[in-house]
Amino acid sequence: MEGILHVLRLLVELGGYLITVVPGLLPIVLALATPLALGALCGVVNERSGVVNIGIEGIMLLAAFFGYLTGFALHDPIGSAAALVAGIAVAVATGMLAGTVHAWLTISVRADQIIAGTMLNIAAFGITGYLNRLVISPSGRGGAGVVPPFHAPDQIAALPLLGPIASMLLDQGPIAMSVIVIVVLLQFALFRTRWGLRTRAVGEHPKAADTVGIDVLRTRFVNVVAGCGLAGLAGAFLTLESTGSFQNGMTGGRGFIALAAMIFGRWTPIGAFGGALLFGAATALGVIVNVRPPDGELGDVMRTIPSFWYAALPYLATIVILAGVVGRATPPAADGIPYQKEGRLPASF
Amino acid sequence: MTLARRTLDGWRLVAVPALSILLALALAAAVIVVSSAFTPGGLDVLLPVRAYSSLAAGAFGSPTAIGNTLVGAAPLVLGGLSVALAFKAGLFNIGVAGQFLAGAFAAAVMGAWAAAAFAPLAVAAALIAGAVAGGVIGFIPGFLKARTGAHEVVTTIMLNNAAALLLTWAVTDLVRAPGFSFPRTGDIGNAALPVLAGRNLHLGILLALIAVPAVAWMLDRTTIGFEIRSVGANPVAARYSGMRPVLVTALTMTLAGVLGGMAGAIQMLGVIGFYAPGITASVGFDSIAVALVGRSDPVGVVLAAVLFGAFRAGAPLMQIETSVPVEVIDIIQALVILFLAADVLVRRVFRIRRARGGLGEPETVTRSWSSPEVATAAAEPR
Amino acid sequence: MAAALAMRGVTKRYATGTLANEAVDFDVRPGEIHALLGENGAGKSTLMNILYGLVAPDSGEIAIDGLPVTIADPADAIARGIGMVHQHFMLVPVLTVAENVMLGREIVGPAQIVDRTEGGRRVRALAERLGFDLRPDARIEQLSVGQQQRVEILKAVYRGARILVLDEPTAVLTPQETSEIFAVLRRLAGEGAAIVFISHKLDEVQAVADRITVIRRGRVVGERRPGQTTTSELAELMVGRTVSLRVDRGRSRAGDARLEIRALRVADGRGHEAVRSVDLVVRSGEILGIAGVAGNGQEQLVEAIVGLRRATSGTMRIDGRDVTKGSIRQRRDRGLAYVPADRQRAGLVLSFPVYDNLVLTRYDHAPFARGFGRILRDRSAIQASARRLIERFDVRTSSAAVDAGTLSGGNQQKLIVAREFRADLRLLVLDQPTRGLDVGSIEFIHRQVVAQRDEGAAILLVSAELDEVLQLSDRVAVMYRGRIVGTFAAADAGRDRVGRLMATGSAT
């Protein structure tokens with residue numbers, strides 16, 4: 001009995017601790033969630049049209065690298081600000097280019113979608129590692145720095161309740177800030193516009209879409225390429241807005257966590273964003289416990305948990321969420337199934 | 001069947017992997033040439049020739065080089081078998097990296113504990129520990145897939161990341177051996193795999209080669225193998241026939257994990273010797289390439305493992321002699337997979353038809369996130 | 001008057017070598033209902049898929065209103081005024097009626113935002129004109145099969161179709177719904193539409209068509225007018241030989257209860273109750289047929305009986321022993337055999353050789369498995385058994401070693417029948433046993449079913465083909481919204497009476 005009370009008291013303390021640290025943590029949560037959210041949106045746009053993309057991790061990595069490389073190369077000739085803008089543009093273009101490869105493989109050649117995605121992941125690891133060792137490491141100099149973040153005006157940040165939320169949204173760089181706009185736009189577009197209606201039809205019942213004259217393959221191609229542009233933006237965020245440097249394999253599984261966020265959000269943009277925030281919060285917890293641990297016994301308990309466990313938390317949370325949600329979440333009915341028009345293959349009798 | 005027919009079929013079977021490798025080498029050569037323009041040396045059209053000959057020299061140029069290739073190939077044989085076995089059940093095991101690390105860690109800990117024991121016992125105990133640890137890591141995604149439909153591709157990769165962190169914690173906080181300046185496990189002493197020939201041809205190579213016919217036999221001749229192949233080829237029909245896709249999925253991933261753990265164990269006991277943070281496992285992704293190039297066929301897996309073992313063994317010499325980064329191997333690997341995935345295209349370009357009866361063709365791996373046939377199995381009476 | 005549609009010399013050979021259409025001529029005039037009659041696999045669907053731009057013909061030409069046209073894809077077909085109601089509905093289940101109707105021709109406002117109000121208004125107006133009771137904002141997955149078919153017709157009319165093709169439209173309907181759809185077709189024809197009615201049902205083409213073209217093995221073998229022909233003449237044209245339309249079977253000698261179901265309730269995949277307190281008894285030596293419109297719980301009932309789906313409450317006994325909680329395997333070991341509805345997805349592993357498919361449900365039993373824990377497969381026993389079964393069930397295959405996927409549909413079904421109709425069979429569950437098969441295979445399978453009954457098996461037959469249920473069953477139970485709403489002896493089960501029960505759940 002006493003033991004239970006003890007645990008309960010610790011939980012209450014934990015709640016109190018979270019309430020005190022979370023408001024200050026919100027900007028970090030959104031920043032940590034940004035690449036996950038953009039990756040998850042890439043997944044939503046791809047999978048709503050029926051194409052599974054597990055290469056998001058690799059696409060992010062490629063975009064992060066080439067965005068960084070652009071900033072690195074253009075920093076001296078055109079100055080930091082222009083180089084960063086060019087870097088972001090190149091990162092998005094890289095994402096779309098990689099998306100074209102995935103689209104070509106999965107839609108045109110009807111290659112196995114999971115294997116195509118795996119190929120992208122391995123290729124990204126190889127290409128970025130190769131060029132990093134060849135071009136960037138020997139030079140010994142840095143990139144173009146990071147896009148400077150904005151700051152919420154103090155009057156707004158000081159408001160009760162609204163203040164922390166306003167700072168969460170405003171104490172960000174341009175990419176993190178744009179995420180919210182993209183989420184809302186995509187949510188509206190997917191459920192209210194012609195593009196959204198056709199995308200959902202193609203992902204649910206491609207043959208039905210085909211028989212009313214919708215070009216299934218073209219719709220999928222466009223969605224995969226455009227969606228991968230968002231993954232490219234996620235890559236740009238990592239090197240050009242968040243860290244200002246490139247390390248091999250720096251995506252660290254974010255592309256896969258993004259997929260879990262997408263599934264958690266049941267293939268809707270807003271839901272996926274919610275999932276990304278959740279994973280961002282899990283990661284932020286590991287950060288804050290080291291920086292500002294709570295007092296008293298709770299602090300002792302939380303400090304005893306080795307930092308490796310906090311670091312592993314997002315990965316373990318991904319597994320738990322997948323296991324808990326996926327069985328009940330229904331993916332688009334034609335997700336992962338290549339579409340082939342009749343008559344090109346022998347019909348089955 | 002006439003001999004000519006048989007040869008033709010054989011050619012059709014190996015043609016696509018062989019051509020994919022050649023195409024990948026050619027395209028990687030182009031990458032090497034183009035990227036050389038950005039180095040101080042300037043554009044060098046002949047660089048690929050020099051790079052590939054260094055690569056070949058590093059892999060096959062001397063008895064030691066050949067030994068390194070074979071030693072490198074041994075864990076790839078086991079890892080490739082692991083991926084191939086999962087393919088047969090319709091599962092994609094990207095978790096060899098995590099299984100490898102768990103196997104290596106468990107073998108290191110058990111080896112250090114039994115370092116002074118009678119050598120055959122110490123070796124056996126360490127190998128079994130590695131296999132069990134790999135099996136546990138494999139079982140988790142298999143069980144989750146079977147019971148909840150959580151896709152193994154995501155769960156295995158997340159486990160790879162989590163396992164690396166948690167094993168680092170374990171070696172730092174739990175089993176750190178005293179007397180060293182950095183966290184590591186103790187010496188494995190008698191648990192080291194005996195060297196059979198040359199400088200480093202250890203017993204693990206033999207173990208890997210025994211595993212090949214064992215897996216083939218299980219798939220081909222046993223009822224469990226039949227269940228695995230049925231669930232892989234058509235899980236719905238398997239379930240309707242009274243098989244238990246849930247059990248088979250969990251079992252297959254466990255067995256795949258055992259093979260992945262064995263790969264880690266023989267690498268630990270035959271080559272590395274102790275577990276320390278930062279041990280990386282290129283074996284993970286290499287194993288996928290090996291299984292795909294080997295077309296999930298046991299003999300094919302051995303040949304592909306030797307090829308990628310040679311790449312890994314020769315790459316350091318290539319980087320030293322020609323400054324071409326070792327990561328070019330990853331690029332080659334991705335390109336090989338690209339051409340194999342787009343095999344329709346390769347066949348069209350080179351006018352190769354499919355082997356008759358689909359013999360030995362790889363089965364498709366993927367379905368979507370939640371496979372309804374597995375998820376609905378939860379509604380089944382038990 | 002010029003034909004609304006004329007197809008001349010259409011030929012199509014698939015890559016497999018199958019000649020699906022050979023020099024087919026076919027036309028239809030405005031205001032006419034022209035039936036295309038042929039058995040499954042005769043090439044009717046291929047011809048219409050060519051018309052709709054889904055399949056490219058090898059040769060031949062198509063003229064619309066007398067002008068030659070090429071139809072490369074469905075968009076072309078729609079632009080030419082062709083509308084098609086496919087046998088398997090081309091509707092997106094998660095979208096609404098209005099969204100499905102508009103899809104591909106959406107009414108959009110600024111920024112391509114779909115105008116739901118205007119779309120709903122137009123769809124409602126169109127539905128009223130055709131006399132359909134459909135809510136534009138209802139989701140397709142909430143509609144009955146009959147309503148879904150009306151959405152398909154609405155789709156075609158919305159796109160301005162003047163030539164309307166219906167592929168086996170009555171396959172899933174009750175007799176009452178069938179006559180309703182006939183009335184709709186006559187009204188559309190009266191408004192000047194040209195209608196192609198594809199079917200293999202002789203009475204229906206006689207009842208609705210103005211003209212009947214019969215197609216066999218890809219070739220047109222005759223053209224008749226309904227008043228000037230007989231059902232047996234049409235049957236002979238369609239099959240190419242005299243066929244007996246009746247199943248030849250003696251009286252049933254029903255014995256002990258083999259399957260007893262009490263107060264069974266089963267939920268479907270989404271948690272809705274699909275089977276609501278069903279009581280059933282099937283005796284040895286009898287065939288109990290379950291009639292009902294697809295989606296009234298038959299699927300879940302069968303799944304519960306064979307052990308694929310857990311019952312929420314109630315009991316099931318086989319030979320008096322409770323199997324409610326038994327696994328599929330335990331039930332099979334008690335003598336249950338099962339022919340599933342979807343032979344390619346659930347009945348066979350198409351990439352496995354014929355001999356492995358023949359032991360798919362018995363692979364771990366003697367003599368196919370031996371050794372400790374029956375772990376070793378005995379390949380010679382498996383192959384010997386395969387040779388016997390292929391011979392006995394007349395499976396047409398070049399050898400037992402070819403993949404099951406290379407066999408024709410009829411032979412694939414025979415493969416399953418050969419595997420399931422084993423000697424120690426006690427209870428046989430048949431779900432759509434002849435769906436999509438040619439007449440020869442249907443006759444063969446029906447004879448085998450009757451033979452099993454006569455040897456004392458208890459047989460539960462579920463079929464969407466009311467005629468099959470009525471012809472084959474000794475007793476007929478009607479299922480409606482998860483309940484058994486009536487059980488009759490074969491002699492009392494009149495087509496109209498059963499049809500009314502299927503449609504409304506009540507006899508009045």
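Trainee: Is C:L389 buried or exposed, and why?
Mentor: Count C-beta neighbours. A residue is buried if 20 or more other C-beta atoms lie within 10 Å of its own. C:L389 has 22 such neighbours, so C:L389 counts as buried. Keep in mind that this is a predicted model.

Trainee: Where does C:L389 lie?
Mentor: In helix α13 of chain C, residues 379-392.

Trainee: Which residues does C:L389 touch, leaving aside those up to four places away in sequence?
Mentor: C:L358 and C:A418. Look also at C:R419: 30 residues separate C:R419 from C:L389 in sequence, yet their C-alpha atoms are 7.8 Å apart.

Trainee: Now the interfaces. How is their size expressed?
Mentor: Often as the accessible area lost when the parts come together. Here, we count residues in contact. Chain B puts 46 residues in contact with 44 of chain A.

Trainee: Which elements of chain B give two or more residues to that side?
Mentor: α5 (119-148), α6 (152-174), α11 (283-293), α13 (328-341) and α14 (343-350). The largest share, 13 residues, comes from α6(B). By type, this side of chain B has 29 nonpolar, 13 polar and 4 charged residues.

Trainee: How many residues of chain A are in contact with chain C?
Mentor: 23, and they meet 29 residues of chain C. On the chain A side, α8 (194-204) and α9 (206-211) each give two or more residues. α8(A) gives the most, with 6 residues. This side of chain A divides into 10 nonpolar, 5 polar and 8 charged residues.

How values were computed. Residues are numbered from 1 along each chain as its sequence is written. Chains are lettered from A and ligands numbered from 1 in the order in which they are written. This is a predicted model: local features need pLDDT of at least 70, side-chain atom pairs count only at pLDDT 80 or more; totals for chains, interfaces and linings use all residues. Two residues are in contact if their C-beta atoms, placed from the backbone, lie within 7 Å. Helices (H or I, at least four residues) and strands (E, at least two) are DSSP runs, numbered from the N terminus. Ala, Val, Leu, Ile, Met, Phe, Trp, Tyr, Cys and Pro count as nonpolar, Asp, Glu, Lys and Arg as charged, and the others, Gly among them, as polar. A residue is buried if 20 or more other C-beta atoms lie within 10 Å of its own, exposed if 12 or fewer, and partly exposed in between; C-beta atoms are placed from the backbone.
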